[in-house]
Amino acid sequence: MAYAYLFKYIIIGDTGVGKSCLLLQFTDKRFQPVHDLTIGVEFGARMITIDGKQIKLQIWDTAGQESFRSITRSYYRGAAGALLVYDITRRDTFNHLTTWLEDARQHSNSNMVIMLIGNKSDLESRREVKKEEGEAFAREHGLIFMETSAKTASNVEEAFINTAKEIYEKIQEGVFDINNEANGIKIGPQHPTTNSTLSGSQGGQHAGGGCC
Amino acid sequence: MVHTCTQSPRDGDLFRAFPSTNFFSHVLKLMNNTLCVCVCVCEEDDLDESSGPQLPSAAGRRKNLEFEPLSTTALILEDRPANLPAKSLEETQRHKMEYDEMVAGAKRREMKEAQRKKRQMKERHRQEDIISNAMVVWNNEILPHWDNVKGTRRVRELWWQGLPPSVRGRVWSLAIGNELNITPELYEIFLSRAKEKWRSYSETSSVNDSESGASLADRESSLDLIKLDISRTFPSLFIFQKGGPYHDLLHSVLGAYTCYRPDIGYVQGMSFIAAVLILNLEEAEAFITFANLLNKPCQMAFFRVDHELMLKYFAAFEVFFEENLPRLFSHFQTNNLTPDLYLIDWIFTLYSKSLPLDVACRVWDVFCRDGEESLFRTGLGILRLFEEVLLQMDFIHIAQFLTRLPEDLQAHTLFTAMANTHMISRSRRWAQVFSALMKDVNKEMDKNSSPALRS
């Protein structure tokens, strides 16, 4: 199916916080209580509509264990959006946010939109991290913030879509250079204005011309 | 009224007689009821007693079937209930014909299904015969003379055909060996050390939660992580999960390993390898084989997450990829699909996560025979097997496909594809290609050839 833009997302955060479950809920609208372990990286894709335009999200779901950081670092490249996930029932996953953020900032392009997600909001009785703490952390570091539940699907759509809205706004404001694929944005095959300029950029092929 | 209706066979007449659609549908319902189709599962004996006039013959015919299905699908033609007007002769005839057709159709399907089952059983028996014959050969002729015969052409060929499950663990542990000289006693020592740690860990974390400091949490995190990951290892088998028969065993083997090799610790992917070994070996033997397997150069490179070295493996893989499947290779390049995206999962778990378990065990058989080279050959076999499909896909679909391979993937098709994969590039073998790339490390650190490093 034709799309106006393709955004690359990366999902990061400690192991076991529910990254793969969030992705599965977003792409397949289902929850798997015991999800397979992610080794390396897995992928998902879905089409959304923003401002009447079809946008394809290409989502990279990474392994969370610290040992894999050196590998996942190379996947930040060319991501337009990142979902940084922690588990509201495990404080250590919240404590590690700073190092995740450092990593993300260092290895991605500076305009990458980062959405902070406190997942497992359905487990209120086991909560270890207050919602206000997540909000404060997000405010301090200039991130968007949401609490989600991959289990009940609460805020899952919103988390992925609001990130895309933010990216879309940045494109409108001219912050993102959409002709530079390193920004994690590709222009769809039928886009009206930029086809001529695109061919001159980046030298390499652009997968945006492919199907969805 | 209904009687009149059923005597008017054309739809138009029906509509004229009963213009109200509600009424019409009501009539239709009644008509349907006259041909009451009941599906019941019953024993042959019951059938004879309870059946209407048509059934004895049906049951008789069924007895002529070459193979008796376990259950029988009976279609019963019933007369219209007594409180309703009787059917006309014409209608009775028509219903009888429809009924006969349905019965004949059901018979055909039953026959077909029975024949399919028979073929399946035959194939299973054939496989079982092969396995039991192979088992005798392995037990009587090969294993007693292991060191002398393991490299012979005949044994290697039998090996490629798949190890019988009853000797699989034994052959794996012999082939992987015990260079590290680990004894069952040593395993017990590391296991008790691990148990000690778990105890003290759970005590400290319950007493002072956050004050105990990040250092302790990080030091012990790999022990904690094991717990989290065990439930996520082969979740569909339901044997490693909490309360499952192998949960504690998997916990023990992985815990003992983190105490045996604290420099490596627990790394995700290990739980799959340990699980497959536990399914095939006794506890201590599984640990010994596990530790020795991880000690192999390729596994060491991956589980230490030595990125530089991993890229060398990927680069060597790409040499053979281009040699074997040039069209797909360039398709992947065009789509920026680098081998790390799928090989990491495949190599870390030795294919046990992405292939069906029985197929993965066959891959392990060959890995034990041929070493690391076979892991990359397997990868190329998968790519060859799905070449045509992959050529039609774009980046995201290829990436999704390769990280989630079809569940019905068959061992024999994969092994044919692997057999057609030649691990020779410009008359150089895997080891030569790999060591040549290793020499390049020093020469051209910056001009690395694997795409993943260009990031």
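Modeller: Happy to! A salt bridge is a side-chain nitrogen of Lys or Arg within 4 Å of a carboxyl oxygen of Asp or Glu. With that rule, the count between chain A and chain B is one salt bridge. Its partners are A:Glu42 and B:Lys353, whose side chains meet with 3.1 Å from N to O, and that value falls under the 4 Å cut-off. Please keep in mind that this is a predicted model.

On the chain A side, the elements that give two or more residues are strand E2 (41-50), strand E3 (53-62) and helix H2 (69-72). Of the residues on that side, E2(A) supplies the largest share, five residues. Sorted by class, the side of chain A that touches chain B has 13 nonpolar, 14 polar and five charged residues.

Now for the whole contact. Chain A brings 32 residues to it and chain B brings 35. About 2,900 Å² is buried between the two chains, and carbon and sulfur atoms give 62% of that area. In chain A, the residues that lose the most area to chain B are A:Leu37, A:Ile39 and A:Phe43, which together make up 25% of what that side buries.

Terms used:
Residues are numbered from 1 along each chain as its sequence is written. Chains are lettered from A and ligands numbered from 1 in the order in which they are written. This is a predicted model: local features need pLDDT of at least 70, side-chain atom pairs count only at pLDDT 80 or more; totals for chains, interfaces and linings use all residues. Side-chain values use heavy atoms; hydrogens and water are left out. Contact means heavy atoms within 4.5 Å. Buried area is the accessible area (1.4 Å probe) that two parts lose on being put together, summed over both. Helices (H or I, at least four residues) and strands (E, at least two) are DSSP runs, numbered from the N terminus. Ala, Val, Leu, Ile, Met, Phe, Trp, Tyr, Cys and Pro count as nonpolar, Asp, Glu, Lys and Arg as charged, and the others, Gly among them, as polar.
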